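Here is a briefing on one protein chain.

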Amino acid sequence: MKPLWVSILGCVLLLGPKPGAASTGSPEDTSFYYGTFPPGFSWGVGSSAYQMEGAWDQGGKGASIWDAFMHIGPGKVLEASTADEAWAGYYKVQEDLVLLQELGVTHYRFSLSWPRLLPTGIPAEQVNEKGIKFYSDLIDALLNSNVTPIVILYHWDLPQLLQVKYGGWQNVSMAGYFRDYANLCFEAFGDRVKHWVTFSDPRAMVEKGYETGHHAPGLRLPGTGLYKAAHHILKAHAQAWHAYNNTWRSKQHGLVGISLTCNWGEPVDMSSLKDLEAAERYLQFCLGWFANPIYAGDYPQVMKDLIGRKSAEQGLEMSRLPEFSIQEKSYMKGTADFLGLGHFTTRYITERRFPSRQGPSYHNDWDLVEFIDPTWPELGSKWLCSVPWGFRRLLNFAQTQYGGPPIYVMENGAPQQSHCTQLCDEWRIQYLRGYINEMLKAIKDGVNVKGYISWSLLDEFEWERGYTDRYGFYYVEFNIRNKPRYPKASVQYYRKIITANGFPNPREVESWRLEALETCSINNQRLATEPLRRHMHLVSEMVVPTVSVLGALLAAMLLLLLLPRR
(Lines give C-alpha, C1' and ligand atoms only; values in the text may rest on other atoms or scores of the structure.)
Protein backbone atom coordinates (compact mmCIF):
# COMPACT_ATOMS: atom_id res chain seq x y z
CA MET A 1 0.00 0.00 0.00
CA LYS A 2 1.30 3.44 -0.90
CA PRO A 3 2.07 5.93 1.91
CA LEU A 4 -0.79 8.39 2.42
CA TRP A 5 1.15 11.38 1.19
CA VAL A 6 1.79 9.83 -2.23
CA SER A 7 -1.65 10.86 -3.53
CA ILE A 8 -1.19 14.50 -2.63
CA LEU A 9 2.35 14.52 -4.05
CA GLY A 10 0.99 13.03 -7.26
CA CYS A 11 -1.54 15.85 -7.59
CA VAL A 12 1.13 18.47 -6.97
CA LEU A 13 3.56 16.99 -9.49
CA LEU A 14 0.85 16.36 -12.08
CA LEU A 15 -0.50 19.90 -11.86
CA GLY A 16 2.73 21.77 -11.27
CA PRO A 17 3.95 24.53 -13.61
CA LYS A 18 4.41 23.33 -17.16
CA PRO A 19 7.53 24.17 -19.16
CA GLY A 20 7.15 27.58 -20.72
CA ALA A 21 4.09 28.52 -18.63
CA ALA A 22 3.92 32.06 -17.34
CA SER A 23 4.94 32.37 -13.70
CA THR A 24 3.23 34.67 -11.20
CA GLY A 25 4.58 33.14 -8.03
CA SER A 26 1.75 30.63 -7.61
CA PRO A 27 2.18 26.85 -7.96
CA GLU A 28 -0.51 26.57 -10.63
CA ASP A 29 -0.31 26.26 -14.35
CA THR A 30 -1.11 29.95 -14.78
CA SER A 31 -2.15 29.88 -18.43
CA PHE A 32 -5.87 30.44 -18.89
CA TYR A 33 -7.50 27.59 -20.79
CA TYR A 34 -9.99 28.51 -23.51
CA GLY A 35 -12.40 25.73 -24.33
CA THR A 36 -15.86 24.36 -23.59
CA PHE A 37 -17.36 21.94 -21.12
CA PRO A 38 -18.75 18.57 -22.22
CA PRO A 39 -22.19 18.61 -23.89
CA GLY A 40 -24.97 18.38 -21.32
CA PHE A 41 -22.86 19.85 -18.53
CA SER A 42 -25.11 21.02 -15.67
CA TRP A 43 -25.01 24.69 -14.64
CA GLY A 44 -26.81 25.78 -11.51
CA VAL A 45 -27.12 27.98 -8.49
CA GLY A 46 -27.96 27.10 -4.90
CA SER A 47 -29.80 28.04 -1.72
CA SER A 48 -30.98 26.31 1.45
CA ALA A 49 -34.36 26.30 3.16
CA TYR A 50 -33.42 27.84 6.49
CA GLN A 51 -31.22 30.50 4.92
CA MET A 52 -33.85 31.81 2.52
CA GLU A 53 -37.43 30.71 3.21
CA GLY A 54 -38.34 32.80 6.26
CA ALA A 55 -41.90 32.05 7.44
CA TRP A 56 -40.33 30.23 10.36
CA ASP A 57 -43.66 29.65 12.14
CA GLN A 58 -46.04 29.81 9.17
CA GLY A 59 -47.73 27.17 7.02
CA GLY A 60 -47.70 24.51 9.73
CA LYS A 61 -43.92 24.48 10.11
CA GLY A 62 -42.43 23.21 13.36
CA ALA A 63 -39.46 24.78 15.13
CA SER A 64 -35.93 23.80 14.12
CA ILE A 65 -32.78 23.76 16.24
CA TRP A 66 -31.78 27.02 14.55
CA ASP A 67 -35.05 28.67 15.57
CA ALA A 68 -34.33 27.64 19.15
CA PHE A 69 -30.68 28.64 18.90
CA MET A 70 -31.59 32.20 17.95
CA HIS A 71 -34.82 32.67 19.89
CA ILE A 72 -34.18 30.95 23.22
CA GLY A 73 -30.66 29.53 22.92
CA PRO A 74 -27.20 31.11 22.92
CA GLY A 75 -27.90 32.73 19.55
CA LYS A 76 -24.42 33.95 18.72
CA VAL A 77 -25.32 35.64 15.46
CA LEU A 78 -23.81 38.91 14.30
CA GLU A 79 -26.04 41.94 14.77
CA ALA A 80 -28.56 39.71 16.60
CA SER A 81 -29.97 38.71 13.22
CA THR A 82 -32.49 35.92 12.71
CA ALA A 83 -33.74 34.04 9.69
CA ASP A 84 -37.38 34.59 10.65
CA GLU A 85 -37.90 36.40 7.33
CA ALA A 86 -34.61 35.87 5.41
CA TRP A 87 -35.26 36.70 1.74
CA ALA A 88 -38.92 35.60 2.19
CA GLY A 89 -38.46 32.75 -0.27
CA TYR A 90 -41.53 30.97 1.07
CA TYR A 91 -43.65 33.75 -0.42
CA LYS A 92 -41.56 34.61 -3.48
CA VAL A 93 -41.35 31.41 -5.50
CA GLN A 94 -42.53 33.04 -8.71
CA GLU A 95 -40.08 35.94 -8.33
CA ASP A 96 -37.24 33.50 -7.70
CA LEU A 97 -38.17 31.55 -10.83
CA VAL A 98 -37.83 34.72 -12.88
CA LEU A 99 -34.31 35.22 -11.48
CA LEU A 100 -33.34 31.63 -12.27
CA GLN A 101 -34.50 32.11 -15.84
CA GLU A 102 -32.62 35.40 -16.04
CA LEU A 103 -29.43 33.59 -14.96
CA GLY A 104 -30.02 30.89 -17.55
CA VAL A 105 -29.20 28.00 -15.20
CA THR A 106 -30.22 24.45 -16.02
CA HIS A 107 -30.30 23.27 -12.38
CA TYR A 108 -31.39 24.69 -9.02
CA ARG A 109 -30.02 23.22 -5.80
CA PHE A 110 -32.27 23.79 -2.79
CA SER A 111 -32.99 22.03 0.47
CA LEU A 112 -36.16 20.79 2.10
CA SER A 113 -36.99 21.88 5.63
CA TRP A 114 -37.44 18.76 7.74
CA PRO A 115 -39.58 20.60 10.35
CA ARG A 116 -41.72 22.20 7.61
CA LEU A 117 -42.63 18.73 6.35
CA LEU A 118 -42.64 16.97 9.74
CA PRO A 119 -43.17 19.44 12.62
CA THR A 120 -42.16 16.86 15.24
CA GLY A 121 -39.61 15.20 12.96
CA ILE A 122 -41.46 11.87 12.89
CA PRO A 123 -43.84 10.87 10.03
CA ALA A 124 -45.97 8.66 12.27
CA GLU A 125 -46.80 11.65 14.50
CA GLN A 126 -47.63 14.42 12.01
CA VAL A 127 -47.18 15.17 8.31
CA ASN A 128 -47.68 18.80 7.32
CA GLU A 129 -49.65 18.71 4.07
CA LYS A 130 -49.08 22.44 3.54
CA GLY A 131 -45.35 21.76 3.53
CA ILE A 132 -45.75 18.88 1.08
CA LYS A 133 -47.78 21.14 -1.22
CA PHE A 134 -45.28 24.00 -0.98
CA TYR A 135 -42.34 21.88 -2.14
CA SER A 136 -44.40 19.96 -4.67
CA ASP A 137 -45.54 23.23 -6.25
CA LEU A 138 -41.95 24.52 -6.24
CA ILE A 139 -40.68 21.40 -8.00
CA ASP A 140 -43.47 21.60 -10.60
CA ALA A 141 -42.75 25.28 -11.21
CA LEU A 142 -39.04 24.57 -11.71
CA LEU A 143 -39.70 21.77 -14.19
CA ASN A 144 -42.21 23.92 -16.07
CA SER A 145 -39.43 26.52 -16.37
CA ASN A 146 -36.98 23.89 -17.69
CA VAL A 147 -34.92 24.01 -14.50
CA THR A 148 -33.92 20.65 -12.99
CA PRO A 149 -34.18 20.40 -9.19
CA ILE A 150 -31.31 19.07 -7.11
CA VAL A 151 -32.78 18.45 -3.67
CA ILE A 152 -30.90 18.44 -0.36
CA LEU A 153 -32.64 16.47 2.36
CA TYR A 154 -30.75 18.06 5.25
CA HIS A 155 -29.03 21.43 5.42
CA TRP A 156 -28.62 21.80 9.19
CA ASP A 157 -32.22 22.48 10.34
CA LEU A 158 -33.08 19.50 12.55
CA PRO A 159 -36.58 19.57 14.10
CA GLN A 160 -36.18 21.01 17.60
CA LEU A 161 -38.36 18.31 19.17
CA LEU A 162 -35.86 15.64 18.07
CA GLN A 163 -33.12 17.63 19.79
CA VAL A 164 -35.14 18.02 22.99
CA LYS A 165 -36.44 14.45 23.18
CA TYR A 166 -33.42 12.49 21.96
CA GLY A 167 -30.40 14.78 21.99
CA GLY A 168 -30.32 15.22 18.22
CA TRP A 169 -27.33 13.84 16.36
CA GLN A 170 -25.70 12.67 19.60
CA ASN A 171 -28.28 9.86 19.54
CA VAL A 172 -28.01 7.00 17.05
CA SER A 173 -31.80 6.88 16.78
CA MET A 174 -31.54 9.95 14.48
CA ALA A 175 -30.39 7.60 11.70
CA GLY A 176 -33.75 5.83 11.72
CA TYR A 177 -35.74 9.04 11.96
CA PHE A 178 -33.77 10.49 9.05
CA ARG A 179 -34.43 7.36 6.96
CA ASP A 180 -38.17 7.69 7.64
CA TYR A 181 -38.06 11.38 6.68
CA ALA A 182 -36.11 10.54 3.51
CA ASN A 183 -38.66 7.87 2.56
CA LEU A 184 -41.45 10.43 2.92
CA CYS A 185 -39.59 12.78 0.56
CA PHE A 186 -38.82 10.04 -1.96
CA GLU A 187 -42.48 9.05 -1.99
CA ALA A 188 -43.82 12.62 -2.26
CA PHE A 189 -41.34 14.11 -4.74
CA GLY A 190 -39.28 11.29 -6.24
CA ASP A 191 -41.44 10.98 -9.35
CA ARG A 192 -40.01 14.39 -10.38
CA VAL A 193 -36.72 14.72 -8.44
CA LYS A 194 -33.84 12.67 -9.89
CA HIS A 195 -30.91 14.13 -7.95
CA TRP A 196 -30.99 13.71 -4.16
CA VAL A 197 -28.34 14.82 -1.66
CA THR A 198 -28.65 13.43 1.85
CA PHE A 199 -26.47 15.94 3.75
CA SER A 200 -24.86 19.25 2.83
CA ASP A 201 -21.44 19.94 4.39
CA PRO A 202 -21.87 17.73 7.47
CA ARG A 203 -18.30 18.46 8.63
CA ALA A 204 -19.03 22.15 9.23
CA MET A 205 -22.35 21.23 10.83
CA VAL A 206 -20.84 18.92 13.44
CA GLU A 207 -17.72 21.02 14.04
CA LYS A 208 -19.62 24.24 14.71
CA GLY A 209 -22.61 22.58 16.34
CA TYR A 210 -20.81 20.19 18.69
CA GLU A 211 -17.17 21.34 18.96
CA THR A 212 -17.19 25.16 19.05
CA GLY A 213 -20.89 25.75 19.74
CA HIS A 214 -21.05 28.54 17.16
CA HIS A 215 -23.93 26.82 15.34
CA ALA A 216 -27.11 25.14 16.51
CA PRO A 217 -27.56 23.28 18.77
CA GLY A 218 -24.70 25.25 20.36
CA LEU A 219 -22.99 22.40 22.24
CA ARG A 220 -19.32 22.44 23.25
CA LEU A 221 -18.14 18.84 23.48
CA PRO A 222 -14.50 19.19 22.34
CA GLY A 223 -12.93 16.25 20.63
CA THR A 224 -15.91 13.95 21.27
CA GLY A 225 -19.31 15.36 20.34
CA LEU A 226 -18.54 16.01 16.70
CA TYR A 227 -17.12 12.52 16.12
CA LYS A 228 -20.23 10.93 17.60
CA ALA A 229 -22.57 13.19 15.59
CA ALA A 230 -20.64 12.47 12.37
CA HIS A 231 -20.82 8.72 13.07
CA HIS A 232 -24.60 8.88 13.33
CA ILE A 233 -24.90 11.12 10.27
CA LEU A 234 -22.95 8.59 8.21
CA LYS A 235 -25.28 5.84 9.40
CA ALA A 236 -28.26 8.02 8.51
CA HIS A 237 -26.85 8.64 5.04
CA ALA A 238 -26.33 4.93 4.45
CA GLN A 239 -29.85 4.07 5.60
CA ALA A 240 -31.36 6.69 3.32
CA TRP A 241 -29.33 5.47 0.34
CA HIS A 242 -30.34 1.85 0.94
CA ALA A 243 -33.98 2.88 1.37
CA TYR A 244 -33.90 4.55 -2.04
CA ASN A 245 -31.95 1.72 -3.62
CA ASN A 246 -34.27 -1.00 -2.29
CA THR A 247 -37.64 0.70 -2.66
CA TRP A 248 -37.58 3.64 -5.04
CA ARG A 249 -34.76 3.37 -7.57
CA SER A 250 -36.46 0.88 -9.88
CA LYS A 251 -39.56 3.12 -10.04
CA GLN A 252 -38.01 6.58 -10.05
CA HIS A 253 -34.55 6.05 -11.63
CA GLY A 254 -32.88 8.76 -9.58
CA LEU A 255 -29.47 9.24 -7.95
CA VAL A 256 -28.55 9.72 -4.28
CA GLY A 257 -25.28 11.27 -3.10
CA ILE A 258 -23.80 13.45 -0.38
CA SER A 259 -22.19 16.92 -0.52
CA LEU A 260 -18.86 17.41 1.29
CA THR A 261 -17.05 20.73 1.52
CA CYS A 262 -13.27 21.01 1.80
CA ASN A 263 -10.51 23.51 1.10
CA TRP A 264 -7.34 22.37 -0.62
CA GLY A 265 -4.29 21.86 1.63
CA GLU A 266 -0.96 22.66 -0.02
CA PRO A 267 2.31 21.65 1.71
CA VAL A 268 4.37 24.67 2.77
CA ASP A 269 7.61 22.88 1.88
CA MET A 270 7.37 20.37 -0.96
CA SER A 271 10.74 18.90 0.00
CA SER A 272 9.55 18.16 3.55
CA LEU A 273 8.02 14.72 4.09
CA LYS A 274 6.44 16.03 7.31
CA ASP A 275 4.67 18.82 5.44
CA LEU A 276 3.50 16.41 2.74
CA GLU A 277 2.06 14.12 5.42
CA ALA A 278 0.49 17.09 7.22
CA ALA A 279 -1.23 18.23 4.00
CA GLU A 280 -2.53 14.69 3.48
CA ARG A 281 -3.87 14.66 7.06
CA TYR A 282 -5.61 17.96 6.39
CA LEU A 283 -7.50 16.46 3.45
CA GLN A 284 -8.32 13.23 5.27
CA PHE A 285 -9.69 15.01 8.36
CA CYS A 286 -11.59 17.44 6.11
CA LEU A 287 -12.84 15.33 3.19
CA GLY A 288 -11.88 11.73 3.96
CA TRP A 289 -13.65 11.76 7.33
CA PHE A 290 -16.99 11.38 5.50
CA ALA A 291 -15.93 10.28 2.02
CA ASN A 292 -13.74 7.35 3.05
CA PRO A 293 -16.49 5.42 4.89
CA ILE A 294 -18.80 5.91 1.90
CA TYR A 295 -16.25 4.84 -0.71
CA ALA A 296 -14.03 2.46 1.29
CA GLY A 297 -16.19 1.39 4.24
CA ASP A 298 -14.21 2.94 7.11
CA TYR A 299 -12.56 6.10 8.41
CA PRO A 300 -9.13 7.06 7.01
CA GLN A 301 -6.39 5.09 8.72
CA VAL A 302 -4.54 8.27 9.68
CA MET A 303 -7.59 9.47 11.62
CA LYS A 304 -7.97 6.14 13.42
CA ASP A 305 -4.27 6.07 14.31
CA LEU A 306 -3.93 9.67 15.50
CA ILE A 307 -7.19 9.93 17.45
CA GLY A 308 -6.71 6.46 18.92
CA ARG A 309 -3.18 7.28 20.13
CA LYS A 310 -4.18 10.64 21.59
CA SER A 311 -7.23 9.12 23.27
CA ALA A 312 -5.01 6.52 24.98
CA GLU A 313 -2.56 9.22 26.07
CA GLN A 314 -5.51 11.12 27.56
CA GLY A 315 -6.38 8.12 29.71
CA LEU A 316 -9.40 6.96 27.72
CA GLU A 317 -10.11 3.25 27.34
CA MET A 318 -11.59 3.69 23.85
CA SER A 319 -10.82 5.99 20.97
CA ARG A 320 -12.83 9.19 20.76
CA LEU A 321 -13.42 8.24 17.12
CA PRO A 322 -16.21 5.63 17.10
CA GLU A 323 -15.76 2.35 15.24
CA PHE A 324 -17.90 0.71 12.60
CA SER A 325 -18.65 -2.99 12.96
CA ILE A 326 -17.80 -5.35 10.10
CA GLN A 327 -21.47 -5.40 9.10
CA GLU A 328 -21.69 -1.58 9.22
CA LYS A 329 -18.59 -1.21 7.03
CA SER A 330 -20.10 -3.46 4.40
CA TYR A 331 -23.46 -1.63 4.66
CA MET A 332 -21.78 1.78 4.36
CA LYS A 333 -19.41 1.10 1.47
CA GLY A 334 -20.68 2.17 -1.93
CA THR A 335 -23.58 4.31 -0.70
CA ALA A 336 -23.17 7.19 -3.16
CA ASP A 337 -24.22 7.44 -6.79
CA PHE A 338 -22.21 10.66 -7.08
CA LEU A 339 -19.96 12.81 -4.92
CA GLY A 340 -21.08 16.36 -4.22
CA LEU A 341 -18.10 18.60 -3.58
CA GLY A 342 -18.05 22.09 -2.08
CA HIS A 343 -14.94 24.24 -2.28
CA PHE A 344 -14.10 27.87 -1.56
CA THR A 345 -10.39 28.46 -0.92
CA THR A 346 -6.92 27.00 -0.17
CA ARG A 347 -4.53 26.83 2.79
CA TYR A 348 -0.81 26.20 3.12
CA ILE A 349 -0.16 23.38 5.59
CA THR A 350 2.79 22.53 7.81
CA GLU A 351 3.21 20.03 10.63
CA ARG A 352 2.90 21.00 14.28
CA ARG A 353 2.49 18.44 17.04
CA PHE A 354 -0.07 19.29 19.73
CA PRO A 355 0.51 17.48 23.04
CA SER A 356 -2.27 15.18 24.18
CA ARG A 357 -2.15 16.79 27.64
CA GLN A 358 -3.92 19.82 26.13
CA GLY A 359 -7.07 17.71 26.20
CA PRO A 360 -9.47 16.46 23.53
CA SER A 361 -9.77 18.78 20.54
CA TYR A 362 -10.72 18.15 16.93
CA HIS A 363 -8.15 20.54 15.49
CA ASN A 364 -5.39 19.42 17.86
CA ASP A 365 -6.00 15.90 16.57
CA TRP A 366 -4.78 17.04 13.12
CA ASP A 367 -1.24 17.92 14.31
CA LEU A 368 -0.85 20.74 11.79
CA VAL A 369 -1.32 24.46 11.30
CA GLU A 370 -2.77 26.41 8.38
CA PHE A 371 -1.36 29.49 6.66
CA ILE A 372 -2.63 32.03 4.14
CA ASP A 373 -0.27 33.54 1.60
CA PRO A 374 -0.51 37.34 2.14
CA THR A 375 -0.37 37.83 -1.64
CA TRP A 376 -3.62 35.92 -2.18
CA PRO A 377 -6.55 38.25 -2.95
CA GLU A 378 -8.78 38.54 0.12
CA LEU A 379 -12.51 38.65 -0.54
CA GLY A 380 -15.45 39.62 1.66
CA SER A 381 -14.55 37.33 4.59
CA LYS A 382 -11.08 37.10 6.11
CA TRP A 383 -11.09 33.31 5.87
CA LEU A 384 -11.74 33.31 2.11
CA CYS A 385 -8.97 34.16 -0.33
CA SER A 386 -9.18 33.63 -4.08
CA VAL A 387 -6.83 30.73 -4.91
CA PRO A 388 -8.28 29.10 -8.05
CA TRP A 389 -5.47 26.58 -8.61
CA GLY A 390 -6.37 24.74 -5.38
CA PHE A 391 -9.77 23.84 -6.87
CA ARG A 392 -8.22 21.86 -9.70
CA ARG A 393 -5.99 20.00 -7.27
CA LEU A 394 -8.87 19.11 -4.96
CA LEU A 395 -10.90 17.78 -7.88
CA ASN A 396 -7.99 15.63 -9.03
CA PHE A 397 -7.42 14.40 -5.48
CA ALA A 398 -11.07 13.35 -5.13
CA GLN A 399 -10.95 11.65 -8.54
CA THR A 400 -7.87 9.63 -7.59
CA GLN A 401 -8.76 8.95 -3.96
CA TYR A 402 -12.31 7.69 -4.49
CA GLY A 403 -12.06 5.79 -7.75
CA GLY A 404 -13.27 8.37 -10.27
CA PRO A 405 -16.84 8.97 -9.08
CA PRO A 406 -19.19 11.33 -10.92
CA ILE A 407 -18.64 14.70 -9.21
CA TYR A 408 -21.11 17.57 -8.90
CA VAL A 409 -19.64 20.79 -7.51
CA MET A 410 -22.38 21.72 -5.04
CA GLU A 411 -21.03 24.94 -3.54
CA ASN A 412 -18.51 27.47 -4.78
CA GLY A 413 -18.66 31.22 -4.34
CA ALA A 414 -17.42 34.30 -2.53
CA PRO A 415 -19.06 36.91 -0.28
CA GLN A 416 -18.99 40.65 0.01
CA GLN A 417 -19.54 42.61 3.19
CA SER A 418 -23.02 43.87 4.03
CA HIS A 419 -21.95 47.50 4.17
CA CYS A 420 -20.92 47.30 0.51
CA THR A 421 -23.92 47.90 -1.74
CA GLN A 422 -21.81 48.01 -4.89
CA LEU A 423 -23.49 45.91 -7.59
CA CYS A 424 -20.44 46.02 -9.86
CA ASP A 425 -18.86 42.97 -8.21
CA GLU A 426 -15.85 42.66 -10.50
CA TRP A 427 -13.96 40.70 -7.83
CA ARG A 428 -16.70 38.01 -7.94
CA ILE A 429 -16.44 37.95 -11.73
CA GLN A 430 -12.71 37.28 -11.39
CA TYR A 431 -13.43 34.57 -8.79
CA LEU A 432 -15.93 32.85 -11.11
CA ARG A 433 -13.61 33.16 -14.08
CA GLY A 434 -10.67 31.64 -12.21
CA TYR A 435 -12.45 28.83 -10.37
CA ILE A 436 -14.64 27.71 -13.26
CA ASN A 437 -11.61 27.69 -15.54
CA GLU A 438 -9.66 25.50 -13.09
CA MET A 439 -12.64 23.14 -13.07
CA LEU A 440 -12.48 23.03 -16.86
CA LYS A 441 -8.77 22.16 -16.61
CA ALA A 442 -9.63 19.38 -14.16
CA ILE A 443 -12.08 17.92 -16.66
CA LYS A 444 -9.31 18.11 -19.25
CA ASP A 445 -7.14 16.17 -16.75
CA GLY A 446 -9.77 13.42 -16.76
CA VAL A 447 -11.82 14.31 -13.66
CA ASN A 448 -15.45 13.23 -14.07
CA VAL A 449 -17.15 16.53 -13.20
CA LYS A 450 -20.80 16.50 -14.25
CA GLY A 451 -22.05 19.87 -13.03
CA TYR A 452 -21.35 23.11 -11.18
CA ILE A 453 -23.56 24.88 -8.63
CA SER A 454 -22.55 28.43 -7.71
CA TRP A 455 -23.40 29.78 -4.25
CA SER A 456 -25.82 31.50 -4.01
CA LEU A 457 -28.89 32.71 -5.92
CA LEU A 458 -29.54 35.70 -3.67
CA ASP A 459 -27.98 37.18 -0.56
CA GLU A 460 -29.28 35.19 2.37
CA PHE A 461 -28.86 34.40 6.06
CA GLU A 462 -25.31 33.09 6.54
CA TRP A 463 -25.57 31.33 9.90
CA GLU A 464 -23.46 32.92 12.66
CA ARG A 465 -22.50 35.69 10.22
CA GLY A 466 -26.13 36.77 9.90
CA TYR A 467 -26.55 39.02 6.87
CA THR A 468 -23.04 40.48 6.98
CA ASP A 469 -21.69 38.13 4.28
CA ARG A 470 -23.42 38.40 0.91
CA TYR A 471 -22.80 35.50 -1.49
CA GLY A 472 -25.75 36.17 -3.80
CA PHE A 473 -25.83 36.93 -7.50
CA TYR A 474 -28.70 39.22 -6.56
CA TYR A 475 -28.45 41.91 -3.92
CA VAL A 476 -31.33 41.83 -1.41
CA GLU A 477 -32.42 44.92 0.51
CA PHE A 478 -33.34 43.12 3.74
CA ASN A 479 -34.43 46.29 5.54
CA ILE A 480 -37.34 46.84 3.16
CA ARG A 481 -40.53 44.91 3.79
CA ASN A 482 -40.90 43.34 0.35
CA LYS A 483 -37.16 42.49 0.13
CA PRO A 484 -36.42 43.98 -3.33
CA ARG A 485 -33.66 42.31 -5.37
CA TYR A 486 -31.08 43.85 -7.70
CA PRO A 487 -28.83 41.95 -10.13
CA LYS A 488 -25.09 42.24 -9.60
CA ALA A 489 -22.69 42.33 -12.53
CA SER A 490 -21.84 38.67 -11.94
CA VAL A 491 -25.37 37.70 -13.05
CA GLN A 492 -24.67 38.70 -16.62
CA TYR A 493 -21.14 37.23 -16.56
CA TYR A 494 -22.27 33.84 -15.24
CA ARG A 495 -25.09 33.76 -17.78
CA LYS A 496 -22.54 34.27 -20.58
CA ILE A 497 -20.44 31.36 -19.33
CA ILE A 498 -23.53 29.15 -19.21
CA THR A 499 -24.70 30.17 -22.69
CA ALA A 500 -21.25 29.52 -24.18
CA ASN A 501 -20.77 26.38 -22.03
CA GLY A 502 -17.27 27.59 -21.23
CA PHE A 503 -14.73 30.12 -22.45
CA PRO A 504 -14.65 30.35 -26.28
CA ASN A 505 -11.85 32.90 -26.90
CA PRO A 506 -10.03 35.79 -25.17
CA ARG A 507 -11.83 38.62 -26.96
CA GLU A 508 -15.32 37.28 -26.27
CA VAL A 509 -14.60 36.46 -22.63
CA GLU A 510 -13.22 39.95 -22.01
CA SER A 511 -16.28 41.49 -23.69
CA TRP A 512 -18.48 39.64 -21.18
CA ARG A 513 -16.73 41.40 -18.31
CA LEU A 514 -17.00 44.84 -19.89
CA GLU A 515 -20.69 44.38 -20.74
CA ALA A 516 -21.48 43.16 -17.23
CA LEU A 517 -19.79 46.14 -15.61
CA GLU A 518 -21.56 48.56 -17.95
CA THR A 519 -24.95 47.08 -17.10
CA CYS A 520 -24.34 47.11 -13.36
CA SER A 521 -23.64 50.84 -13.42
CA ILE A 522 -27.27 51.37 -14.40
CA ASN A 523 -28.44 49.03 -11.65
CA ASN A 524 -26.28 50.90 -9.15
CA GLN A 525 -28.14 54.09 -10.02
CA ARG A 526 -31.46 52.31 -9.39
CA LEU A 527 -30.22 51.10 -6.03
CA ALA A 528 -28.93 54.55 -5.11
CA THR A 529 -32.38 56.08 -5.72
CA GLU A 530 -34.13 53.40 -3.66
CA PRO A 531 -34.14 55.43 -0.39
CA LEU A 532 -35.77 58.38 -2.21
CA ARG A 533 -38.37 56.14 -3.87
CA ARG A 534 -39.04 54.44 -0.54
CA HIS A 535 -39.50 57.84 1.10
CA MET A 536 -41.89 58.97 -1.64
CA HIS A 537 -43.86 55.74 -1.28
CA LEU A 538 -44.11 56.30 2.48
CA VAL A 539 -45.22 59.89 1.94
CA SER A 540 -47.86 58.77 -0.57
CA GLU A 541 -49.15 56.21 1.90
CA MET A 542 -49.61 59.02 4.40
CA VAL A 543 -50.79 61.76 2.04
CA VAL A 544 -53.27 59.86 -0.13
CA PRO A 545 -55.46 58.68 2.77
CA THR A 546 -55.30 62.16 4.31
CA VAL A 547 -56.36 63.83 1.05
CA SER A 548 -59.13 61.27 0.61
CA VAL A 549 -60.50 61.98 4.09
CA LEU A 550 -60.36 65.75 3.53
CA GLY A 551 -62.09 65.33 0.17
CA ALA A 552 -64.84 63.31 1.76
CA LEU A 553 -65.33 65.95 4.49
CA LEU A 554 -65.49 68.77 1.93
CA ALA A 555 -68.00 66.84 -0.16
CA ALA A 556 -70.15 66.28 2.91
CA MET A 557 -70.03 69.96 3.81
CA LEU A 558 -70.99 70.99 0.28
CA LEU A 559 -73.84 68.52 0.32
CA LEU A 560 -75.14 69.98 3.58
CA LEU A 561 -74.97 73.48 2.14
CA LEU A 562 -76.82 72.50 -0.99
CA LEU A 563 -79.59 70.60 0.75
CA PRO A 564 -82.79 72.72 1.04
CA ARG A 565 -83.36 74.01 4.50
CA ARG A 566 -86.70 73.43 6.20
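C520 is buried, with a relative accessible area of 1%; buried means under 20% relative accessible area, exposed over 50%, and partly exposed in between, with a 1.4 Å probe and protein chains only. This is a predicted model, in which local features need pLDDT of at least 70 and side-chain atom pairs count only at pLDDT 80 or more, while totals for chains, interfaces and linings use all residues. Residues are numbered from 1 along each chain as its sequence is written, and side-chain values use heavy atoms, with hydrogens and water left out.

**Disulfides and other cysteines**

- A disulfide is a covalent bond between the sulfur atoms of two cysteines. Here the term is applied to a pair of cysteine sulfur atoms within 2.5 Å. The count by this rule is two disulfides.
- C424 is joined to C520, with an S to S distance of 1.9 Å. The link of C424 and C520 is right-handed, with 110° about the S-S bond.
- C424 sits in the loop between strand 12 (416-417) and helix 16 (426-445), and C520 in helix 18 (residues 506-528), so the pair ties together parts that are 96 residues apart in sequence. Helices (H or I, at least four residues) and strands (E, at least two) are DSSP runs, numbered from the N terminus.
- C262 is joined to C286, with an S to S distance of 2.3 Å. This pair links distant parts of the chain, 24 residues apart: C262 is in the loop between strand 6 (255-261) and strand 7 (264-267), and C286 is in helix 11 (residues 273-296). Both C262 and C286 are buried.
- Counting bonded cysteines along the chain, the disulfides follow the pattern 1-2, 3-4.
- C185 is buried at a relative accessible area of 1%. C385 is buried at 2%.

**Packing of helix 11 and helix 12**

- Two packed helices are described by the angle between their axes and the distance between the axes.
- The axes of helix 11 and helix 12 (residues 301-313) come within 9 Å and cross at roughly 105°. Axes are lines fitted to C-alpha atoms, for helices over the stretch in contact, and angles run from 0 to 180 degrees between N-to-C directions.
- Helix 11 and helix 12 are therefore roughly perpendicular to each other. That label covers 65 to 115 degrees; under 35 counts as roughly parallel, over 145 as roughly antiparallel, and the rest as oblique.
- Helix 11 contributes R281, Q284, F285 and W289 to the contact, and helix 12 contributes V302, M303, L306 and I307. Contact means heavy atoms within 4.5 Å.

**Helix 15**

- Helix 15 (residues 389-401) has 13 residues, which should span 18 Å at 1.5 Å a residue; its end C-alpha atoms are 19 Å apart, which agrees. The expected span is 1.5 Å times one less than the number of residues.
- Helix 15 is mostly covered, with 11 of its 13 residues buried. Among them are W389, F391, R392 and R393.

**Helix 17**

- Helix 17 (residues 489-500) has 12 residues and reaches 17 Å from its first C-alpha to its last, close to the expected 16 Å.
- Its buried residues include Y493, Y494, I497 and I498.

**Loop serine S64**

- S64 lies in the loop between helix 2 (49-52) and helix 3 (65-71). S64 is buried, with a relative accessible area of 0%.
- Leaving out residues up to four places away in sequence, S64 touches Y50, P115, D157, L158, P159 and Q160.
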